[in-house]
Amino acid sequence: RLPIIVLRRTDLGKSTYTVAGEPIEEFTVKKILSITETSYREMYKDRTSPFLYKPQVVELLQKYHSLFVIGFSVPRELSDYALSRD
């Protein structure tokens with residue numbers, strides 16, 4: 001599914017990102033960045049969720065700028081903040 005959403009995860013540290021979606025999106029990003037040598041048929045064996053860092057995200061956006069979208073995640077402890085600040 002396109003675009004592939006890359007989430008900025010502030011709960012994991014500065015400039016840490018993950019890939020949102022199904023395993024196929026994660027596998028696609030791993031292949032583009034040469035993180036894995038696994039074939040398509042064996043992609044379910046490599047179930048480690050890749051952590052991406054700013055240089056890798058910049059590379060993705062430079063090469064395939066229209067195929068990736070940056071999203072921002074909110075830590076769980078702050079997810080109720082907007083509701084309770086009245």
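Leu-67 counts as partly exposed, at 33% relative accessibility; here buried means under 20% relative accessible area, exposed over 50%, and partly exposed in between (1.4 Å probe, protein chains only). The model is a predicted one, where local features need pLDDT of at least 70 and side-chain atom pairs count only at pLDDT 80 or more, while totals for chains, interfaces and linings use all residues. Residues are numbered from 1 along each chain as its sequence is written, and side-chain values use heavy atoms, with hydrogens and water left out.

**Around Leu-67**

- Leu-67 sits in the loop between H2 and E4; helices (H or I, at least four residues) and strands (E, at least two) are DSSP runs, numbered from the N terminus.
- Together with Leu-2 and Tyr-64, Leu-67 makes a nonpolar surface patch of about 280 Å².
- Patches are made of residues with over 30% relative accessible area and no salt bridge, joining like charges within 9 Å and nonpolar side chains (Val, Leu, Ile, Met, Phe, Trp, Tyr) within 5 Å.
- The areas come from the Shrake-Rupley method with a 1.4 Å probe, and for residues only the protein chains shown count as cover.

**The sheet**

- Four strands make an open sheet with mixed pairing, in the order E3-E2-E1-E4.
- E3 and E4 are the edge strands, each pairing on one side only.
- Two strands pair if DSSP finds at least two bridges between them.
- E1 and E4 run parallel, with six bridges; Leu-7 is partnered by Gly-71 of E4, and Val-6 by Ile-70 of E4.
- E1 and E2 are antiparallel, with three bridges, and here Val-6 stands opposite Val-19 in E2.

**The hairpin turn**

- Six residues separate E1 and E2 in their hairpin, and Gly-13 in the turn has a positive phi of about 125°.
- Ser-15 belongs to the loop between E1 and E2, and its phi is near 60°, a positive value in a residue other than glycine.

**Helix H1 and its packing**

- H1 covers residues 23-32, and its buried residues are Glu-25, Glu-26, Phe-27, Val-29 and Lys-30.
- Those buried residues pack against strands E1 (4-9), E2 (16-19), E3 (52-53) and E4 (68-73), as well as helix H2 (54-63).

**The loop between H1 and E3**

- Ser-34 is exposed, with a relative accessible area of 55%.
- Thr-38 is found in the loop between H1 and E3, yet this residue counts as buried at 18% relative accessibility.
- The side chains of Thr-38 and Thr-36 are joined by a polar contact of 2.8 Å; such a contact is a pair of N or O atoms within 3.5 Å, where within protein one must be able to donate a hydrogen and the other to accept it, and residues adjacent in sequence count only if both atoms are side-chain atoms.
- Beyond its neighbours within four places in sequence, Thr-38 is in contact (heavy atoms within 4.5 Å) with Phe-27, Lys-31, Met-43 and Asp-46.

Technical notes: A salt bridge is a side-chain nitrogen of Lys or Arg within 4 Å of a carboxyl oxygen of Asp or Glu.
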